[in-house]
Amino acid sequence: MNWAKKTLAVATAATVLLAGAACGSTRSGSSSSSSTKKDAKDISVGISMPEQMLERWKKDGDNLKSALQKYGYKVTLQYADSKTDLQTSQIQNMANNNVDYVVIASIDGTSTGRAAEQAKQNGAKVIAYDRLIMNTDAVDYYATFNLEKVGKMQGQYIVDKLGVENGKKGPFNVELMAGSPTDNNAGIYFKGAWSVLGKYFKNGTFKSLSGKVPKSADDWQSIGIDNWDRNKAQAEMENRVNSFYNNGEHLDAVLAQNDAEAMGTVNAVKAAGWNYYPVITGQDAEQANIQAIAHGQQSMTVYKDTSKLAKATAEMIHDMAEGKKPSTDTSYNNGNKDVPTVSLKPVAVDKDNLKAVLVDSGYITAEKAGLTD
Ligand code: BGC
(Lines give C-alpha, C1' and ligand atoms only; values in the text may rest on other atoms or scores of the structure.)
Protein backbone atom coordinates (compact mmCIF):
# COMPACT_ATOMS: atom_id res chain seq x y z
CA MET A 1 0.00 0.00 0.00
CA ASN A 2 1.39 3.38 -0.82
CA TRP A 3 1.54 6.15 1.80
CA ALA A 4 -1.57 7.98 0.67
CA LYS A 5 -3.68 4.81 0.51
CA LYS A 6 -2.38 3.63 3.86
CA THR A 7 -3.19 6.98 5.48
CA LEU A 8 -6.65 6.92 3.94
CA ALA A 9 -7.25 3.39 5.22
CA VAL A 10 -6.13 4.30 8.73
CA ALA A 11 -8.23 7.46 8.63
CA THR A 12 -11.30 5.56 7.40
CA ALA A 13 -10.92 2.88 10.06
CA ALA A 14 -10.53 5.55 12.72
CA THR A 15 -13.58 7.44 11.45
CA VAL A 16 -15.69 4.28 11.72
CA LEU A 17 -14.41 3.75 15.26
CA LEU A 18 -15.05 7.36 16.16
CA ALA A 19 -18.55 7.29 14.69
CA GLY A 20 -19.27 4.21 16.80
CA ALA A 21 -17.86 5.83 19.89
CA ALA A 22 -19.85 9.01 19.35
CA CYS A 23 -23.21 7.15 19.17
CA GLY A 24 -23.05 5.59 22.59
CA SER A 25 -21.29 8.50 24.23
CA THR A 26 -22.79 10.77 26.86
CA ARG A 27 -19.66 12.90 27.28
CA SER A 28 -19.67 16.63 26.80
CA GLY A 29 -18.04 18.02 23.70
CA SER A 30 -18.63 20.33 20.79
CA SER A 31 -21.77 18.42 19.82
CA SER A 32 -23.29 18.49 23.30
CA SER A 33 -21.84 21.67 24.76
CA SER A 34 -24.99 22.38 26.77
CA SER A 35 -24.09 19.65 29.27
CA THR A 36 -23.05 20.67 32.77
CA LYS A 37 -19.50 21.48 33.81
CA LYS A 38 -17.33 18.46 34.53
CA ASP A 39 -15.53 17.86 37.82
CA ALA A 40 -11.77 18.33 37.54
CA LYS A 41 -11.18 14.66 38.24
CA ASP A 42 -13.31 13.72 35.23
CA ILE A 43 -11.36 15.93 32.84
CA SER A 44 -8.69 14.20 30.79
CA VAL A 45 -5.87 15.75 28.81
CA GLY A 46 -3.65 14.03 26.27
CA ILE A 47 -0.21 15.52 25.61
CA SER A 48 1.66 14.54 22.45
CA MET A 49 5.33 15.57 22.42
CA PRO A 50 7.67 15.09 19.44
CA GLU A 51 10.81 13.48 20.89
CA GLN A 52 13.08 13.25 23.91
CA MET A 53 16.51 13.84 22.37
CA LEU A 54 16.40 17.53 23.24
CA GLU A 55 16.19 18.28 26.94
CA ARG A 56 13.54 20.89 26.28
CA TRP A 57 10.78 18.47 25.21
CA LYS A 58 11.30 16.34 28.32
CA LYS A 59 10.99 19.47 30.46
CA ASP A 60 7.98 20.66 28.46
CA GLY A 61 6.23 17.32 28.97
CA ASP A 62 7.00 17.13 32.70
CA ASN A 63 6.10 20.77 33.36
CA LEU A 64 2.85 20.54 31.45
CA LYS A 65 1.85 17.29 33.10
CA SER A 66 2.44 18.59 36.60
CA ALA A 67 0.75 21.96 35.90
CA LEU A 68 -2.36 20.11 34.67
CA GLN A 69 -2.30 17.61 37.50
CA LYS A 70 -2.32 20.52 39.96
CA TYR A 71 -5.77 21.38 38.61
CA GLY A 72 -6.79 17.78 39.33
CA TYR A 73 -6.99 16.64 35.69
CA LYS A 74 -6.06 13.18 34.42
CA VAL A 75 -3.07 13.44 32.10
CA THR A 76 -1.61 11.10 29.47
CA LEU A 77 1.82 12.14 28.20
CA GLN A 78 3.34 10.50 25.12
CA TYR A 79 6.51 11.04 23.09
CA ALA A 80 6.62 10.15 19.40
CA ASP A 81 10.33 9.50 18.94
CA SER A 82 10.51 11.91 15.95
CA LYS A 83 8.22 9.57 13.95
CA THR A 84 5.23 11.26 12.32
CA ASP A 85 3.24 8.01 11.94
CA LEU A 86 3.72 7.22 15.61
CA GLN A 87 2.61 10.70 16.61
CA THR A 88 -0.51 10.39 14.45
CA SER A 89 -1.48 7.07 15.99
CA GLN A 90 -0.80 8.33 19.52
CA ILE A 91 -3.14 11.28 18.92
CA GLN A 92 -5.75 8.97 17.35
CA ASN A 93 -5.61 6.81 20.47
CA MET A 94 -6.14 9.84 22.65
CA ALA A 95 -9.13 10.77 20.49
CA ASN A 96 -10.52 7.24 20.75
CA ASN A 97 -10.12 7.42 24.52
CA ASN A 98 -12.31 10.52 24.54
CA VAL A 99 -9.81 12.96 26.01
CA ASP A 100 -11.35 16.38 26.63
CA TYR A 101 -8.25 18.31 25.57
CA VAL A 102 -5.31 17.37 23.42
CA VAL A 103 -2.07 19.33 23.44
CA ILE A 104 0.12 18.68 20.41
CA ALA A 105 3.72 19.69 19.76
CA SER A 106 3.89 18.45 16.17
CA ILE A 107 6.84 16.76 14.53
CA ASP A 108 5.36 17.75 11.19
CA GLY A 109 2.66 20.38 11.60
CA THR A 110 1.06 19.46 8.29
CA SER A 111 0.67 15.78 8.97
CA THR A 112 -0.79 16.15 12.49
CA GLY A 113 -3.76 18.03 11.00
CA ARG A 114 -5.80 14.93 10.28
CA ALA A 115 -5.29 13.43 13.74
CA ALA A 116 -6.23 16.80 15.27
CA GLU A 117 -9.43 16.72 13.20
CA GLN A 118 -10.29 13.30 14.60
CA ALA A 119 -9.75 14.52 18.15
CA LYS A 120 -11.91 17.55 17.40
CA GLN A 121 -14.69 15.46 15.85
CA ASN A 122 -14.69 13.39 18.98
CA GLY A 123 -15.34 16.46 21.10
CA ALA A 124 -11.84 17.41 22.25
CA LYS A 125 -10.42 20.93 22.22
CA VAL A 126 -7.10 21.05 20.41
CA ILE A 127 -4.14 23.18 21.51
CA ALA A 128 -1.04 23.49 19.37
CA TYR A 129 2.00 23.65 21.62
CA ASP A 130 5.15 25.52 20.53
CA ARG A 131 4.63 24.43 16.90
CA LEU A 132 1.49 25.26 14.94
CA ILE A 133 -0.74 22.58 13.38
CA MET A 134 -1.17 23.57 9.74
CA ASN A 135 -3.95 23.72 7.16
CA THR A 136 -6.86 22.69 9.35
CA ASP A 137 -9.71 24.33 11.25
CA ALA A 138 -9.26 21.84 14.08
CA VAL A 139 -6.89 23.96 16.18
CA ASP A 140 -8.57 25.98 18.93
CA TYR A 141 -5.56 27.70 20.48
CA TYR A 142 -1.80 28.00 20.13
CA ALA A 143 0.83 28.65 22.81
CA THR A 144 4.36 29.54 21.75
CA PHE A 145 7.17 32.08 22.01
CA ASN A 146 7.52 35.06 19.70
CA LEU A 147 9.02 33.04 16.86
CA GLU A 148 10.20 35.82 14.57
CA LYS A 149 11.87 37.54 17.53
CA VAL A 150 13.95 34.41 18.20
CA GLY A 151 15.38 34.54 14.67
CA LYS A 152 15.92 38.29 14.87
CA MET A 153 17.88 37.90 18.09
CA GLN A 154 20.16 35.34 16.47
CA GLY A 155 20.71 37.50 13.37
CA GLN A 156 21.24 40.66 15.39
CA TYR A 157 23.79 38.91 17.59
CA ILE A 158 25.91 38.06 14.53
CA VAL A 159 25.64 41.62 13.20
CA ASP A 160 26.59 43.07 16.61
CA LYS A 161 29.52 40.74 17.22
CA LEU A 162 30.98 41.34 13.77
CA GLY A 163 30.60 45.08 14.33
CA VAL A 164 29.06 45.82 10.93
CA GLU A 165 26.78 48.48 12.36
CA ASN A 166 29.86 50.10 13.87
CA GLY A 167 31.63 50.57 10.59
CA LYS A 168 33.38 47.19 10.13
CA LYS A 169 33.31 46.55 6.39
CA GLY A 170 34.10 42.85 6.08
CA PRO A 171 33.56 40.99 3.94
CA PHE A 172 32.78 38.39 6.60
CA ASN A 173 32.27 34.70 5.96
CA VAL A 174 28.93 33.65 7.44
CA GLU A 175 27.40 30.18 7.09
CA LEU A 176 23.65 29.66 7.48
CA MET A 177 21.55 26.71 8.63
CA ALA A 178 17.78 26.68 9.10
CA GLY A 179 15.64 24.25 11.12
CA SER A 180 13.66 21.20 10.10
CA PRO A 181 11.88 21.58 6.74
CA THR A 182 8.76 19.98 8.27
CA ASP A 183 8.56 22.43 11.20
CA ASN A 184 6.50 25.56 10.57
CA ASN A 185 8.47 27.33 13.32
CA ALA A 186 11.69 26.87 11.38
CA GLY A 187 10.47 29.03 8.50
CA ILE A 188 9.49 31.81 10.90
CA TYR A 189 12.80 31.61 12.76
CA PHE A 190 14.63 31.94 9.47
CA LYS A 191 12.44 34.82 8.35
CA GLY A 192 13.38 36.65 11.57
CA ALA A 193 17.10 36.02 11.11
CA TRP A 194 16.98 36.93 7.42
CA SER A 195 15.23 40.22 8.17
CA VAL A 196 18.48 41.23 9.89
CA LEU A 197 21.11 39.35 7.85
CA GLY A 198 19.65 39.47 4.33
CA LYS A 199 20.71 43.00 3.45
CA TYR A 200 24.34 42.27 4.38
CA PHE A 201 24.44 39.28 2.02
CA LYS A 202 22.93 41.47 -0.68
CA ASN A 203 25.45 44.31 -0.27
CA GLY A 204 28.45 41.95 -0.04
CA THR A 205 29.31 42.59 3.62
CA PHE A 206 28.53 38.91 4.30
CA LYS A 207 29.54 36.03 2.05
CA SER A 208 29.12 32.31 2.36
CA LEU A 209 31.97 30.35 0.77
CA SER A 210 29.73 27.27 0.58
CA GLY A 211 27.23 29.30 -1.43
CA LYS A 212 24.41 27.92 0.73
CA VAL A 213 22.43 31.11 0.90
CA PRO A 214 18.70 31.04 0.09
CA LYS A 215 17.44 33.40 -2.61
CA SER A 216 14.90 34.76 -0.15
CA ALA A 217 13.50 33.89 3.26
CA ASP A 218 10.79 31.80 1.51
CA ASP A 219 13.49 29.49 0.21
CA TRP A 220 14.67 28.57 3.76
CA GLN A 221 13.97 24.84 3.36
CA SER A 222 16.91 24.62 0.93
CA ILE A 223 19.24 25.06 3.94
CA GLY A 224 17.06 23.19 6.47
CA ILE A 225 18.47 20.43 8.67
CA ASP A 226 16.12 17.41 8.80
CA ASN A 227 14.50 17.04 12.19
CA TRP A 228 16.87 19.65 13.65
CA ASP A 229 19.21 16.69 14.07
CA ARG A 230 22.53 17.45 15.79
CA ASN A 231 24.47 14.77 13.88
CA LYS A 232 23.11 15.97 10.56
CA ALA A 233 24.05 19.56 11.43
CA GLN A 234 27.53 18.40 12.40
CA ALA A 235 27.97 16.43 9.16
CA GLU A 236 26.76 19.46 7.18
CA MET A 237 29.20 21.82 8.92
CA GLU A 238 32.09 19.33 8.64
CA ASN A 239 31.42 19.19 4.93
CA ARG A 240 31.43 22.95 4.57
CA VAL A 241 34.52 23.34 6.76
CA ASN A 242 36.47 20.67 4.87
CA SER A 243 35.46 21.93 1.45
CA PHE A 244 35.67 25.69 1.96
CA TYR A 245 37.48 26.71 5.13
CA ASN A 246 40.49 24.47 5.41
CA ASN A 247 43.05 26.60 3.56
CA GLY A 248 43.26 29.40 6.05
CA GLU A 249 39.91 31.02 5.18
CA HIS A 250 38.38 32.48 8.31
CA LEU A 251 34.83 31.44 9.21
CA ASP A 252 33.42 34.43 11.07
CA ALA A 253 29.94 33.32 12.07
CA VAL A 254 27.44 30.48 11.84
CA LEU A 255 23.70 30.96 12.08
CA ALA A 256 22.66 27.79 13.95
CA GLN A 257 18.96 28.12 14.75
CA ASN A 258 18.82 25.89 17.81
CA ASP A 259 21.19 24.33 20.31
CA ALA A 260 21.35 20.97 18.51
CA GLU A 261 22.64 22.73 15.38
CA ALA A 262 24.94 24.86 17.53
CA MET A 263 26.47 21.79 19.19
CA GLY A 264 26.90 20.12 15.80
CA THR A 265 28.78 23.25 14.71
CA VAL A 266 30.93 23.37 17.87
CA ASN A 267 31.87 19.71 17.26
CA ALA A 268 32.72 20.38 13.61
CA VAL A 269 34.98 23.30 14.62
CA LYS A 270 36.65 21.14 17.28
CA ALA A 271 37.28 18.43 14.69
CA ALA A 272 38.86 21.02 12.38
CA GLY A 273 41.35 21.86 15.15
CA TRP A 274 41.17 25.63 14.68
CA ASN A 275 42.50 27.96 17.35
CA TYR A 276 39.30 29.99 17.38
CA TYR A 277 35.53 29.58 17.38
CA PRO A 278 33.35 31.58 15.01
CA VAL A 279 30.33 33.42 16.39
CA ILE A 280 27.82 30.56 16.84
CA THR A 281 24.16 31.22 17.70
CA GLY A 282 21.64 28.82 19.23
CA GLN A 283 18.26 28.44 20.89
CA ASP A 284 16.82 26.57 23.92
CA ALA A 285 19.48 26.98 26.64
CA GLU A 286 20.21 23.24 26.84
CA GLN A 287 22.64 22.37 29.63
CA ALA A 288 25.50 21.27 27.33
CA ASN A 289 25.12 24.48 25.33
CA ILE A 290 25.11 26.68 28.42
CA GLN A 291 28.41 25.04 29.31
CA ALA A 292 29.69 25.60 25.78
CA ILE A 293 28.85 29.30 26.21
CA ALA A 294 30.58 29.41 29.61
CA HIS A 295 33.64 27.81 27.97
CA GLY A 296 33.71 30.24 25.02
CA GLN A 297 32.77 27.72 22.31
CA GLN A 298 29.18 28.72 21.53
CA SER A 299 28.45 32.45 21.57
CA MET A 300 24.79 32.73 22.48
CA THR A 301 21.51 30.92 22.88
CA VAL A 302 17.92 32.11 22.96
CA TYR A 303 16.38 31.14 26.26
CA LYS A 304 12.70 30.32 26.23
CA ASP A 305 11.38 29.58 29.69
CA THR A 306 9.34 26.50 28.85
CA SER A 307 7.92 26.29 32.37
CA LYS A 308 6.07 29.51 31.51
CA LEU A 309 4.83 27.97 28.26
CA ALA A 310 3.54 24.94 30.15
CA LYS A 311 1.86 27.18 32.72
CA ALA A 312 0.21 29.32 30.03
CA THR A 313 -1.08 26.18 28.27
CA ALA A 314 -2.43 24.68 31.50
CA GLU A 315 -4.16 28.00 32.25
CA MET A 316 -5.82 27.98 28.82
CA ILE A 317 -7.18 24.52 29.50
CA HIS A 318 -8.31 25.51 32.97
CA ASP A 319 -10.13 28.54 31.56
CA MET A 320 -11.91 26.39 28.99
CA ALA A 321 -12.81 23.82 31.64
CA GLU A 322 -14.31 26.63 33.73
CA GLY A 323 -16.35 27.76 30.73
CA LYS A 324 -14.20 30.88 30.20
CA LYS A 325 -12.52 32.06 27.03
CA PRO A 326 -8.72 31.85 27.42
CA SER A 327 -6.98 35.19 27.01
CA THR A 328 -4.56 35.45 24.10
CA ASP A 329 -2.36 38.26 22.86
CA THR A 330 -1.91 37.56 19.15
CA SER A 331 -2.73 35.07 16.40
CA TYR A 332 -0.80 32.94 13.92
CA ASN A 333 -2.29 31.90 10.58
CA ASN A 334 -2.10 28.17 9.85
CA GLY A 335 -3.21 28.38 6.21
CA ASN A 336 -6.88 27.86 7.16
CA LYS A 337 -7.49 30.26 10.01
CA ASP A 338 -5.98 32.76 12.40
CA VAL A 339 -5.37 30.70 15.52
CA PRO A 340 -5.66 32.72 18.77
CA THR A 341 -2.26 32.56 20.42
CA VAL A 342 -0.42 33.21 23.65
CA SER A 343 3.08 34.31 22.63
CA LEU A 344 5.81 34.56 25.26
CA LYS A 345 9.05 36.55 25.23
CA PRO A 346 12.37 34.92 24.37
CA VAL A 347 15.61 36.21 25.97
CA ALA A 348 19.03 36.29 24.29
CA VAL A 349 21.77 34.88 26.54
CA ASP A 350 25.54 35.00 26.16
CA LYS A 351 28.52 34.83 28.48
CA ASP A 352 27.79 38.32 29.84
CA ASN A 353 24.27 37.71 31.14
CA LEU A 354 24.32 33.93 31.57
CA LYS A 355 24.63 34.08 35.34
CA ALA A 356 22.00 36.78 35.77
CA VAL A 357 19.40 35.21 33.46
CA LEU A 358 19.91 31.48 33.93
CA VAL A 359 21.60 30.93 37.29
CA ASP A 360 20.15 33.69 39.45
CA SER A 361 16.65 32.76 38.26
CA GLY A 362 17.16 29.17 39.44
CA TYR A 363 16.93 27.69 35.92
CA ILE A 364 20.34 26.01 36.35
CA THR A 365 23.02 25.90 39.06
CA ALA A 366 26.36 27.67 38.56
CA GLU A 367 28.04 24.26 38.66
CA LYS A 368 25.83 22.70 35.99
CA ALA A 369 26.23 25.85 33.90
CA GLY A 370 29.98 25.25 33.83
CA LEU A 371 30.68 28.50 35.66
CA THR A 372 32.70 26.81 38.41
CA ASP A 373 35.03 24.82 36.11
C1 BGC B 1 11.35 24.62 18.75
C2 BGC B 1 12.76 24.77 19.25
C3 BGC B 1 13.51 23.46 19.11
C4 BGC B 1 13.31 22.84 17.74
C5 BGC B 1 13.87 21.42 17.69
C6 BGC B 1 11.36 24.10 17.36
O7 BGC B 1 10.09 23.99 16.85
O8 BGC B 1 10.65 25.85 18.82
O9 BGC B 1 12.74 25.19 20.59
O10 BGC B 1 14.86 23.64 19.31
O11 BGC B 1 11.97 22.82 17.38
O12 BGC B 1 13.20 20.56 18.53
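1. Helix α9 spans residues 287-294, and its buried residues are Asn289, Ile290, Ala292, Ile293 and Ala294. Buried here means under 20% relative accessible area, exposed means over 50%, and partly exposed is in between (1.4 Å probe, protein chains only). Helices (H or I, at least four residues) and strands (E, at least two) are DSSP runs, numbered from the N terminus. The buried residues of α9 pack against α8 (259-272), β10 (300-303), β13 (347-350) and α11 (354-359); contact means heavy atoms within 4.5 Å. Just after α9, Gly296 has a positive phi of about 75 degrees.

2. On the basis of the note: this is a predicted model, in which local features need pLDDT of at least 70 and side-chain atom pairs count only at pLDDT 80 or more, while totals for chains, interfaces and linings use all residues. Residues are numbered from 1 along each chain as its sequence is written, and side-chain values use heavy atoms, with hydrogens and water left out.

3. The domain assignment divides the protein into domain 1 (40-139 + 306-344) and domain 2 (147-304 + 349-359). Such bounds come from an automatic or database domain assignment. The C-alpha centres of domain 1 and domain 2 are 30 Å apart. At the contact between them, 13 residues of domain 1 meet 14 residues of domain 2.

4. Strand β5 (residues 141-145) pairs with β12 in the parallel sense over 4 bridges; two strands pair if DSSP finds at least two bridges between them. Within this pairing, Tyr142 has Thr341 of β12 as its bridge partner. Strand β11 (residues 330-333) runs antiparallel to β12, and 4 bridges join the two. Here Ser331 is bridged to Pro340 in β12. β11 and β12 form a hairpin with 4 residues between them, and Gly335 in the turn has a positive phi of about 100 degrees.

5. The structure holds 2 cavities of 30 Å³ or more. On a 1 Å grid over the protein atoms alone, a cavity is a set of points where a 1.4 Å probe fits but cannot get out, and lining residues have an atom within 4 Å of a point. Grid points are joined across faces, edges and corners, and a volume is the space filled by probe spheres set on the points.

6. The largest cavity has a volume of about 180 Å³. Its lining has 19 residues, of which Leu54, Trp57, Arg131, Asp183 and Trp228 are the closest to the centre. The elements giving two or more residues to this lining are α2 (55-70) and α6 (184-202). By class, the lining of the largest cavity has 6 nonpolar, 6 polar and 7 charged residues. In this classification Ala, Val, Leu, Ile, Met, Phe, Trp, Tyr, Cys and Pro count as nonpolar, Asp, Glu, Lys and Arg as charged, and the others, Gly among them, as polar. Domain 1 and domain 2 each supply at least three residues to the lining of the largest cavity.

7. The second largest cavity holds about 60 Å³ of space. The residues lining this cavity are Glu55, Arg56, Lys59, Asp284, Ala285, Glu286, Lys304, Thr306 and Tyr363. Helix α2 gives the largest share of this lining, 3 residues. The lining of the second largest cavity comprises 2 nonpolar, 1 polar and 6 charged residues. Because domain 1 and domain 2 both give residues to its lining, the second largest cavity lies between them.

8. Phe201 is located in helix α6 and counts as buried because its relative accessibility is 13%. Leaving aside residues up to four places away in sequence, Phe201 touches Val174, Leu176, Trp194, Phe206, Lys207, Ser208 and Val213. Phe201 and Asn173 are 28 residues apart along the chain, and their C-alpha atoms are separated by 9.9 Å.

9. Ser48 belongs to strand β1 (residues 44-49). With a relative accessibility of 0%, Ser48 counts as buried. Its contacts, not counting residues up to four places away in sequence, are Gln78, Gln87, Ile91, Met94, Val103, Ile104 and Ala105.

10. Gly211 is found in the loop between β7 (206-207) and α7 (230-244). At 53% relative accessibility, Gly211 counts as exposed. Gly211 and Ala233 are 22 residues apart in sequence, with a C-alpha to C-alpha distance of 16 Å.

Conventions. On a 1 Å grid over the protein atoms alone, a cavity is a set of points where a 1.4 Å probe fits but cannot get out, and a pocket is an open set with protein on both sides within 12 Å along at least five of seven lines; lining residues have an atom within 4 Å of a point.
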